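Take a moment with the sequence and the model before reading on. We will walk through the structure piece by piece.

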Amino acid sequence: LDPRPIERRTLTTCGFCGVGCSLEVAARDNGIATVRPVDDGGVNRGHACVKGRFSHGFVTSPERLTAPLVRRGGSLEPASWEETIGFVAGRLAEHRGTEPDSFALISSARATNEENYLAQKFARAVMGTNNVDNCARVCHAPSAAGLAATFGLGGGTNPFDDLDRCDTVLLVGANPTHAHPVVGSRLFQRVVDGARLVVVDPRRTLLARHADVHLRPRPGTNVALFHGLAHVLVRDGLADTGFLETHTTGFDDLQELLRDYPPERASAITGVPARDLESAARLYGNSRAPMIFYGLGVTEHRHGTDGVRALANLALLGGAVGPGSGGGINPLRGQNNVQGACDMGAMPDALPGYQKVLDDGARARFSEAWGTGISPRPGLRIPQMFDAARSGTLKALWAIGEDVLATGADSSSVEAALEACPLVICNDLFLSATARMADVVFPVAAWLEKDGTFVNFDRRFQRVRPAVRPPAGVRTDFEVLHAVAAAMGADLGCPTPEAALAECAELAPLFAGISHQRLDQAGALHWPCTSAESPGTPRLYRERFATPDGLAHLAVRPYLPPGEETDGDFPFLLITGRRGEHYNTGSMTRRTGNLALLPQETLDIDAADAASFGLRNGDPVQLTSRHGRAVLPARITDDVEPGQLFAGFHFPGAGVNNLTSAVVDEATGCPEYKLTAVRIRPA
Ligand code: SF4
């Protein structure tokens, strides 16, 4: 133990998963000594997981980038800040004005709200394009689209503490024990305390092992399963028709559609036994206050937005959401501040606060405030940016905190896009896979070194405060954006993070009452928070829905097959996802003691499947999909069904995203990470 005294204690918010745990960081000599979870009324109630509590060593990793890098003669070489800013500004100025849509910016949850606000302002006001997107595109874009289409707003409906009021949890396509551990443990405790639990997941997760009913649909068949459950609710009189007639549209059309999804047909499509489906529907339908939580197992599909909307139908049919309801429907956002990145308008079709680019009035307000015109053309989504780069129309791409090469599906096509793009700029802590291919790399600060705010999965604005100073030579994304704009002769205004959130609050009514000062004085606030007097809105839709007509819009969309199917050549289905020890591409957690907890990626495989190939635990397995190859050591487990496989994506070197396909959700462009047809053999 280090006997030296702690010099400083800082309250901040965990920058890993979407739970957004409140943490106290103790520091000495500008190094982190300890991280302690605190109970300040936040989701974590004084708890934290192995990531938030112990994964801070990356901050002082010798691999941190501490000087800008510029590609010269084929290799990245250190350069001064002045030279690098000047170079980037000069190159971007070539596109500004004449061909603004040849530039695109990818922002991310690694950036604070204030940085996301500035990033989208840079794209729109300085470069003149709506080509700005964020990492939600590859995770919960279908949630934002699907929930907004049904209810009017793209966020979850409840504060997480409402878990304690519900009597039944329907957990779909999520493994919070690993991906959102504090939520996972609170869910588990709620079940111990008497709540009923229905889990929908192809894998036998920890919570599935404790569920009253566990439904294991074939990957890609969610919509048919949700329709099958809805069919039983309507057939058995478990839907509140009075509520539906008063507060929704589309019920008649939905009933017509649901006639095609009796349990027997839903069973034939999904592989879920009809009797289990009926049990789950009755358990859910008879509950007083059902709460739905769902994850990427719903969204990361070819029909992910249809899945969200069919699940929202279930929420309405079961009385989970809306006036008089006791439950809710809540997406478990993967990263902290992926919600905020969307809220701040780092989206190709929406300005801050979900004001549409196509809305003349909204554009006029931003134009007046920013003193510049806003393009009326919605911009490119991330997959479309890659298409444009490969076709030669995208000539400059700036990725802020998102390692697109490691995270993008069908990574060989992402690599081709980066190769084809004449200018790739990357902001990162480390020389990531994307940074290695970039022309310019800016070394930037980590969440433990930043000032600003995050928004967690339940729409809660929380303060982020610098616990330590960044290493010498490192700047924040906020400072880099300002410096490049200034070198281009533009003034982004809002010189501080506090001023940036204040400007956003002035322009986005959803956040009008939120400021650093209020958050510092009164603690977290849930949006919508429309005035300085508003206490925020932890619970949505208590009086009416947020659609223009005040009604929820039931979706009437049939089940459609996924983008990939197994066949004789590719007989296994690979599911990708997260593991508890690491976070996303692992760039932070692999540079901490967490590496000892999970030193490599594995391939989860059923015992009978392993035996049929003569595989034992640890044996290398070669996977081949229609898109690429990877080799992973086998981990024999009953977590997965025969014929299905699972791998995490925390070790980019393992090449799991070499395997995944370029199929995307038709409504939002979110990749279909959750199923890839593969074949295997001993390597
Ligand atoms: Fe909390 Fe998630 Fe951070 Fe773990 S990773 S401490 S659950 S916010």
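Which residues of helix α10 (residues 251-258) are buried? They are Phe251, Leu254, Leu257 and Leu258. These four cover an arc of only 115° around the axis, so they sit on the same side of α10. The face of α10 turned away from that buried side carries Asp252, Asp253 and Glu256, which are exposed. Keep in mind that this is a predicted model.

What do the buried residues of α10 pack against? Their partners are the helices α8 (222-235), α9 and α14 (304-317), together with β11 (248-249). Helix α9 spans residues 241-247, and Thr241 is found in it. Thr241 has 12 other C-beta atoms within 10 Å. A residue counts as exposed at 12 or fewer, so Thr241 is exposed. Leu317 lies 76 residues from Thr241 along the chain, yet their C-alpha atoms are separated by 8.1 Å.

Now turn to helix α21 (residues 477-487). Here 8 of the 11 residues are buried, so the helix is largely enclosed by the rest of the structure. Those buried residues are Asp477, Phe478, Val480, Leu481, His482, Ala483, Val484 and Ala485. After α21 comes Gly489, whose phi is positive, near 80°.

Next, the domains. The domain assignment gives domain 1 as 69-139 + 345-450 + 471-514. Domain 2 is given as 141-332, and domain 3 as 572-660. How far apart are the C-alpha centres of domain 2 and domain 3? They lie 28 Å apart. The contact between these two domains takes 10 residues from domain 2 and 12 residues from domain 3. On the side of domain 2 that touches domain 3, helix α5 (residues 176-179) gives the most, with 3 residues. By class, that side of domain 2 has 4 nonpolar, 3 polar and 3 charged residues.

The last stop is a closed barrel. How many strands does the barrel have, and in what order do they run? There are 6 strands, running β23-β27-β24-β26-β25-β28, and the pairing is mixed. Neighbouring strands of this sheet are turned by 45° against each other on average, direction ignored.

Follow β26 to see both kinds of pairing. On one side, strand β25 (residues 620-625) pairs with strand β26 (residues 629-636) in the antiparallel sense over 5 bridges. The two strands form a hairpin with 3 residues between them. Within this pair, Thr624 stands opposite Arg629. Gln622 stands opposite Val631. Strand β24 (residues 603-605) also pairs with β26, but in the parallel sense and over 3 bridges. Here the bridge partner of Leu603 is Ala634 in β26. In the barrel order, then, β26 stands between β24 and β25.

Notes: Residues are numbered from 1 along each chain as its sequence is written. This is a predicted model: local features need pLDDT of at least 70, side-chain atom pairs count only at pLDDT 80 or more; totals for chains, interfaces and linings use all residues. Two strands pair if DSSP finds at least two bridges between them. Axes are lines fitted to C-alpha atoms, for helices over the stretch in contact, and angles run from 0 to 180 degrees between N-to-C directions. A residue is buried if 20 or more other C-beta atoms lie within 10 Å of its own, exposed if 12 or fewer, and partly exposed in between; C-beta atoms are placed from the backbone. The arc is that of the directions from the helix axis to the C-beta atoms. Two residues are in contact if their C-beta atoms, placed from the backbone, lie within 7 Å. Domain bounds come from an automatic or database domain assignment. Ala, Val, Leu, Ile, Met, Phe, Trp, Tyr, Cys and Pro count as nonpolar, Asp, Glu, Lys and Arg as charged, and the others, Gly among them, as polar.
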